[in-house]
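Visitor: I would like to learn how to read some features of a structure. Could we take them in turn, starting with helix packing?

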Amino acid sequence: MRAGPNSRDAATARRTRIHVVSDVHGNTEALARAGDGADALICLGDLVLFLDYADHSRGIFPELFGVENADRIVELRTARRFEEARDFGRGLWAGLDRNAAIVGAVRKQYAELFDALPTPTYATYGNVDIPDLWPEYARPGTTVLDGERVEIGGRVFGFVGGGLQTPMRTPYEISDEEYAAKVEAIGEVDVLCTHIPPDVPELTYDTVARRFERGSRALLDAIRRTRPRYALFGHVHQPLVRRMRIDATECVNVGHFASTGRPWALEW
């Protein structure tokens with residue numbers, strides 16, 4: 001993190017710099033450096049790497065079932081043949097304790113990832129995260145927020161974690177109504193921090209996967225109603241548009257940190 005105030009330049013010392021990451025997906029090495037030069041790190045979730053769609057040898061799935069089976073599951077999902085993908089997966093899991101295997105692998109990843117988070121970190125869940133495990137690994141200095149607000153450097157930040165329900169059935173998908181209630185709970189903020197984007201086609205379309213990911217209508221309505229300075233999010237790894245303005249709000253996809261290793265910076 002950034003060094004303390006310098007008496008020779010009080011004006012500069014009073015400035016606040018925040019680094020923001022999302023979709024870490026197992027990139028522990030870059031995460032350990034993500035707070036360098038900043039007053040705080042914000043993490044918008046998806047710490048876990050279940051399956052790397054760019055490198056099918058990485059993640060929990062290939063560790064359990066091998067690269068060839070990972071190739072096949074990616075092929076089916078990319079073709080949006082979700083029922084076939086589920087049937088294929090069920091065959092692989094037959095006879096295994098699925099929950100125990102996944103939770104054990106996630107625990108191993110979380111131990112490394114949470115240890116890499118700098119102090120202070122403000123974090124919320126992604127759709128592939130398992131929220132029930134976070135209290136076991138979040139150390140002092142890491143504040144977990146979901147449907148909650150916090151003040152950083154004189155600005156109010158609101159956090160909403162998780163994703164909406166999809167055919168992928170990832171671990172932390174919730175109903176539209178539950179998600180909307182969390183958005184409503186945080187009220188007016190200066191910076192709105194979420195894992196998924198607002199429901200805008202340019203922000204939800206993934207140009208590599210060639211599909212629309214689910215964005216939130218409630219989030220879009222809140223942006224138009226409360227007009228935060230920024231709406232920050234991730235989830236869509238290769239968006240059609242990374243940044244656009246909705247009325248007074250600058251909406252920014254802070255990037256697929258697993259592949260870039262670079263945080264997005266906000267300074268005031």
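Guide: This is a predicted model. Two packed helices are described by the angle between their axes and the distance between the axes. Here helix H4, residues 67–78, packs against helix H5, residues 82–93, at an angle of about 155° and with the axes 8 Å apart. Angles over 145 degrees count as roughly antiparallel, so H4 is roughly antiparallel to H5.

Visitor: In which hand does H4 pass H5?

Guide: The crossing of H4 and H5 is left-handed.

Visitor: Which residues of H4 and H5 meet?

Guide: H4 brings Asn69, Arg72, Ile73, Leu76 and Arg77, and these meet Phe82, Glu84, Ala85, Phe88, Gly89 and Leu92 of H5. Sorted by class, this contact of H4 with H5 has six nonpolar, two polar and three charged residues.

Visitor: How do H8 and H10 pack, at what angle and how far apart are their axes?

Guide: Helix H8 (residues 176–186) and helix H10 (residues 217–226) pack at an angle of about 20°, and their axes are 9 Å apart. Angles under 35 degrees count as roughly parallel, so H8 is roughly parallel to H10. H8 passes H10 in a right-handed crossing. On the H8 side the contact is made by Tyr179, Ala180, Val183 and Glu184, and on the H10 side by Ala218, Leu219, Ala222 and Arg225. The contact of H8 with H10 divides into six nonpolar, no polar and two charged residues.

Visitor: Next, the nonpolar core. Which residues of the largest nonpolar core touch the most other members?

Guide: The largest nonpolar core has 57 residues, and those that touch the most other members are Val21, Val24, Leu31, Leu47, Val106, Tyr110 and Tyr179. Helix H6, residues 98–116, gives the most to this core, with eight residues. A second, separate core has 20 residues, including Leu44, Ile152, Phe159 and Trp268.

Visitor: What is Val21 in contact with, leaving aside its neighbours within four places in sequence?

Guide: With those neighbours left aside, Val21 is in contact with Leu31, Ala34, Leu41, Ile42, Cys43, Leu44, Val254, Phe257 and Pro263.

Visitor: Let us turn to the backbone. What should I look for?

Guide: Most residues other than glycine have a negative phi, and most peptide bonds are trans. In this model the peptide bond from Thr119 to Pro120 is cis, with omega near 0°. Pro120 is in the loop between H6 and strand E3 (121–123).

Visitor: What is the phi of His25, and of Asp247?

Guide: His25 is not a glycine, yet its phi is positive, at about 40°. Asp247 is not a glycine either, and its phi is also positive, at about 55°. His25 is in the loop between E1 and helix H2 (28–31), whereas Asp247 is in the loop between strand E13 (243–246) and strand E14 (249–253).

Visitor: Where does Thr16 lie, and what does Thr16 touch?

Guide: Thr16 lies in the loop between helix H1 (10–13) and strand E1 (17–21). Thr16 has a relative accessible area of 10%, so it is buried. Not counting residues up to four places away in sequence, Thr16 touches Arg2, Asp39, Gly153, Leu266, Glu267 and Trp268.

Visitor: How many residues lie between Asp190 and Leu51 in sequence, and what is their separation in space?

Guide: Asp190 and Leu51 are 139 residues apart in sequence, and their C-alpha atoms are 35 Å apart in space. For Val150 and Ala30, which are 120 residues apart along the chain, the C-alpha atoms are separated by 25 Å.

Note on methods
Residues numbered from 1 in each chain as written. Predicted model: local features only at pLDDT ≥ 70, side-chain atom pairs only at ≥ 80, totals over all residues. Heavy atoms only, no water. Axes fitted to C-alpha atoms, helices over the stretch in contact; angles between N-to-C directions. Helix = DSSP H or I, 4+ residues; strand = E, 2+ residues; numbered from the N terminus. Parallel < 35°, antiparallel > 145°, perpendicular 65-115°, else oblique. Left-handed = near helix turned anticlockwise from the far one by under 90°. Contact = heavy atoms within 4.5 Å. Nonpolar A, V, L, I, M, F, W, Y, C, P; charged D, E, K, R; others polar. Core = buried A, V, L, I, M, F, W, Y, C linked by side-chain atoms within 4.5 Å. Buried < 20%, exposed > 50% of the residue type's maximum accessible area, 1.4 Å probe, protein only.
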